[in-house]
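Please walk me through this protein structure, one part at a time.

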Amino acid sequence: MQKFTIAGADLGAPALIGRLEELMSGGIENVILFGTCGVLDKNIDAHQLIIPTSAIRDEGTSFHYVPASNEIQMNPNSVAKLTMILDELNVGYMTAKTWTTDAIFRETPEKAKERIAMGCSVVDMEASAVAAWARYRHKNVYQFFYTADHLNIETGVWDRRSDERAQAPSVYDFFELALEIGIRLK
Ligand SMILES: O=P(O)(O)O[C@H]1O[C@H](CO)[C@@H](O)[C@H]1O
Ligand SMILES: O=c1cc[nH]c(=O)[nH]1
């Protein structure tokens with residue numbers, strides 16, 4: 001029989017990695033992690049499913065787990081397993097490079113432009129640290145985002161996309177999807 005633990009995903013890399021360390025001491029091997037990300041590309045609508053495949057390490061926590069580098073790749077086996085399950089379920093998704101930052105209120109247009117030039121299309125606050133933790137601790141993480149606000153670099157205006165998001169699938173739909181993924185992981 002599969003055993004599950006459901007836990008809140010803390011905001012920010014140090015808090016979430018601390019939580020994962022505690023869960024690991026309780027015996028977890030597989031983590032299904034989901035939450036929102038901002039979009040850097042206006043063509044990505046609200047509440048689209050995104051699988052991060054690599055991340056720019058603009059946070060501090062990952063450097064305590066793996067050697068320094070600008071970017072980290074998510075485990076390709078975990079990405080392949082997750083995309084295979086989503087294909088089986090006929091759930092649409094995009095893959096993307098994410099900009100993982102420690103400072104949500106310093107996502108300035110200048111920095112966002114640089115990150116877009118580096119290939120990022122979304123922004124979050126934990127993914128690069130989670131990838132480093134998974135690699136160091138030899139745990140499987142299956143992570144997906146659903147898209148939230150838009151950082152509009154053309155106008156410099158933050159678009160919360162509240163109206164679009166109100167029409168879109170809710171967090172409960174993504175929660176049910178996470179449970180379905182858990183059931184299908186062997
Ligand atoms: O929706 P959650 O999971 O909190 O994720 C995103 O939203 C938070 C920032 O508002 C950061 O934690 C970021 O990664
Ligand atoms: O980290 C995040 C997550 C959502 N939206 C943002 O602008 N940043």
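Ala129 has its place in helix α4. Helices (H or I, at least four residues) and strands (E, at least two) are DSSP runs, numbered from the N terminus. Ala129 is buried, with a relative accessible area of 1%. Buried means under 20% relative accessible area, exposed means over 50%, and partly exposed lies in between (1.4 Å probe, protein chains only). Ala129 and Gly12 are 117 residues apart along the chain, yet their C-alpha atoms are separated by 9.4 Å.

Two notes on reading the model come here. This is a predicted model, in which local features need pLDDT of at least 70 and side-chain atom pairs count only at pLDDT 80 or more, while totals for chains, interfaces and linings use all residues. Residues are numbered from 1 along each chain as its sequence is written, chains are lettered from A and ligands numbered from 1 in the order in which they are written, and side-chain values use heavy atoms, with hydrogens and water left out.

Now take the whole of α4. After α4 comes His138, whose phi is positive, near 55°. His138 is not a glycine. It lies in the loop between α4 and β6. His138 counts as exposed, at 69% relative accessibility.

Another histidine also has a positive phi. Phi of His47 is near 60°, and His47 is a residue other than glycine. His47 sits in the loop between β1 (30-39) and β2. Is His47 buried or exposed? His47 is buried, with a relative accessible area of 9%.

On a 1 Å grid over the protein atoms alone, a pocket is an open set of points where a 1.4 Å probe fits, with protein on both sides within 12 Å along at least five of seven lines; a cavity is a set from which the probe cannot get out, and lining residues have an atom within 4 Å of a point. The second largest pocket has a volume of about 260 Å³. Grid points are joined across faces, edges and corners, and a volume is the space filled by probe spheres set on the points. The lining of this second largest pocket has 18 residues. Met74, Asn75, Ser78, Ala134 and Val141 lie nearest its centre.

Which elements build this lining? At least two residues each come from β2 (49-58), α2 (76-88), α4 (127-137) and β6 (140-151). The largest share, five residues, is from α4. By class, the lining of the second largest pocket has ten nonpolar, six polar and two charged residues. Here Ala, Val, Leu, Ile, Met, Phe, Trp, Tyr, Cys and Pro count as nonpolar, Asp, Glu, Lys and Arg as charged, and the others, Gly among them, as polar.

A search of the whole structure finds four aromatic pairs. Rings of Phe, Tyr and Trp (its six-membered ring) pair if their centres lie within 6.5 Å; planes under 30 degrees apart count as stacked, over 60 as edge-to-face and the rest as tilted. The ring centres of Phe144 and Phe174 are 6.5 Å apart and their planes meet at 45°, so this pair is tilted. The pair links distant parts of the chain: Phe144 is in strand β6 and Phe174 in helix α6 (residues 171-184), 30 residues apart. Phe144 is buried at 0% relative accessibility. Phe174 is buried as well, at 6%.

Phe174 also pairs with Tyr146. This pair is stacked, with 4.2 Å centre to centre and 15° between the planes. Tyr146 belongs to strand β6, 28 residues from Phe174. At 8% relative accessibility, Tyr146 counts as buried. Phe34, Phe144, Tyr146 and Phe174 form one aromatic cluster.
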